Amino acid sequence: MNLQTTSKILALFLVLCAFGTMAQQRPMPPNPSWDQIAETSIENGKLDLLDQKGRWVRQGSGNPETQDSLTHVLAQLFQEDLAPRDYTRSMELYLINGPLLTQSREAYGLLKDWEENCPDFPEKTWYTYRLYSRLYNTTYKFDLALDVAESALSEARRLGDSVLVGQSYTSLAQIAENSNLKVPALTYFLIGEEIIKRYGTPRMLMKHYEELRDFYVHADEFDEATRIMEVQQELFESSSEFDQLDGEYLAYWSLYIPVSSGAIENFKPLIRDEIQRIQKTPFTYLKNEYLGFYRTTLIQRDDFQGMLELYRDIIPEELEVNRVTVPHRYYRFMAYFSEARGEMDSAAYYWQKASAEMSRQPDLYFKTNFYIRMGEFYERKPDFELATTFFERAIQYANQVQFVPFKLRAVEGLERVSLENGNYELAYDLADERNALEDSVQRINEKEKLALAEVLHDMRLEQSRQAAQLRTELLRSRSFGFGFGLFVFLSGLIFFQFHQTRREKRRSEELLLNILPEDTANELKEHGQTTARKYDHVTILFADFVGFTKLSEKLSPDELVSEIDSYFRAFDDICKNFGLEKIKTIGDAYLAVGGMPTGNTATVNDVVRASLKMQETVAEFNAVRPEASLALRIGLHTGEVVAGVVGTMKFQYDVWGDAVNTAARMEQNSEPGKVNISQSTFEALDDSFKTTHRGQIEAKNKGLLDMYFVESDRQ
């Protein structure tokens, strides 16, 4: 993290330090009693009271028994004769407040009953998609959740309801983030923000900002998270809609961000003071948030003495509460305390007790992290046999959740234990796997960093353009008089709108042609959909930059986007000159083809010449700007592909097939500054090129493949 970002985060922290005091000046959130809820009819606001109770349970009391009671009351409501919208709102409150992961079977059954029994009303289809997406998301069925959330967005657009459109984008963003699709998630968040700012309520906007802030924190984009906190502060101060609990959560995050980002070294006294302060409020759930954050921070630093001091000096009563309500957590704490006292056998006893409780937990992410921690304990004990057992178990769960950072941690632990145990052959294999995982994580992070920067850059440019256009229109309108000037203004506006419509139509068609090949674009305009096509003899060009990691560390996100954009613009011109069809960019990678779509006459020779020209262009750029130099690897393969349009939102033209995978392997096995081609591409070339046979080289998942470097063009 650079000094500027750290200073900004610390400055915000100092500003928001007083938020706890400010929050206490706001009213308490309503917490209706069960008697009050029972005595109130639906017509008189029973659902409003249940909504208020739900917020208190989720953010205030955090009492599992109260949550169970709330879920029970909401489920009982479904037995009554409810109006369609009341039935729907009851269902939504149930899905928001119920422990869905542990009661998923009941939740699916109740939602199915609602879908079948709730009478139709205009927004029922939208709510159907929305409720199912929420349930799928909570139960880790992210692919299904994304599908139905996209359907909800389409339905909201059909209804022409801007508020529903904004909410749909927020839902899509949350699901995409849970699916680790960071770029689509950020795109959805930013689009949703613009819509909700214009049409939503302050509380709806605050909720959206909470999700966006969490996204930036989890993506380690602490500068952006800090900016969102500043916006939330302004929103809180400008609206009377928010209460003391809202302010307390802002105070919590004002501490969470600088500690998580590493901007505050001596964090212990700060968090302890906040825990002692929040204990004086009735917000037990928020107190647990502080405790959980403090525990996680201590555990990440293996500060078991700090854990012992926390429960001995500040919250001794919490240990007994955990023993009764969350046994696996209690046993882990006892293990940490034992280790802090140097009692490793006692710690091992408590870890085994915690493991027995953990077997009942459904959360696979939680399980994976738990067994990594357990393996690390036995590594410290040391008991390398048991450490191996638990690291291997963590790898199994990491494979199930497909979360690479967890798997990397577990493989690193298993490699260390294998070395300590003298199992050098296994350690050697694990080192290869670790290197591959590290490379995967690094490449993912690099591409995400660039892609997220691109999204932010594009969104800010669009916001600036809209602001400039609005200022221009305001100045123009003020220059007209009232009478004749108004007539001229209206006439001019009609004329402007007429030509603006025609210009926007031309721009839309140009944009479509910029995204899709002409025949595909025409098919989409005429029929509203496209058909995938097979092409028998296509040459695929894959290009990827080397040295991008070091460059990304030197440049700011805007500079990084500008730098890579200059290369890609040059590549676009090269593709145009040689008749290639650009398919897409993926972070710092570039994909183009020759010989498709229909009507494309680019030959294998054309693709090779375009590749050599790209390498020549990169060399010229590097000569002018040695401080930002990059090297390019290019791989080519010729074969059969299928091409068509992917998706219905932000759709793109793409290619599939084994030939595409082989071209990617050619690029991965190329060298900086070189063009590496496959046997099929070599055989399709004429005598115009000088090539060097590299022999057979092992390609991942492909075995041994003949490869050639194209050295030069003899023409």
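A: A nonpolar core is a set of buried Ala, Val, Leu, Ile, Met, Phe, Trp, Tyr and Cys residues joined through side-chain atoms within 4.5 Å. Buried means under 20% relative accessible area, exposed over 50%, and partly exposed in between, with a 1.4 Å probe and protein chains only. The largest core here has 133 residues, and Met91, Tyr94 and Ile275 have the most contacts inside it. Helix H14 gives the largest share of this core, 10 residues. Apart from it lies another core of 33 residues, among them Tyr567, Cys575, Met614 and Phe689.

The model is predicted: local features need pLDDT of at least 70, side-chain atom pairs count only at pLDDT 80 or more, and totals for chains, interfaces and linings use all residues. Residues are numbered from 1 along each chain as its sequence is written, and side-chain values use heavy atoms, leaving out hydrogens and water.

Q: Why is the pair of Tyr252 and Tyr290 called edge-to-face?

A: Rings of Phe, Tyr and Trp (its six-membered ring) pair if their centres lie within 6.5 Å; planes under 30 degrees apart count as stacked, over 60 as edge-to-face and the rest as tilted. The centres of Tyr252 and Tyr290 are 4.9 Å apart and the planes are at 85°, so the pair is edge-to-face. Both residues are buried.

Q: What makes Phe304 and Tyr336 a stacked pair?

A: Their rings are 4.9 Å centre to centre, with 10° between the planes. Phe304 is in helix H17 (residues 304-314) and Tyr336 in helix H19 (residues 327-340), 32 residues apart. Helices (H or I, at least four residues) and strands (E, at least two) are DSSP runs, numbered from the N terminus.

Q: How do you know that Phe304 is buried?

A: Its relative accessible area is 6%, so Phe304 counts as buried. Tyr336, at 2%, is buried too.

Q: What makes Lys53 a charge over the ring of Trp34?

A: A charge sits over a ring if NZ of Lys or CZ of Arg is within 6 Å of the ring centre and within 35 degrees of the ring normal. The charged end of Lys53 is 5.0 Å from the centre of the Trp34 ring. Arg393 lies over the face of Tyr371, at 5.0 Å from the ring centre.

Q: How do you know that the span of helix H11 agrees with its number of residues?

A: The expected span is 1.5 Å times one less than the number of residues. With 18 residues, H11 (residues 182-199) should span 26 Å; its end C-alpha atoms are 25 Å apart, which agrees.
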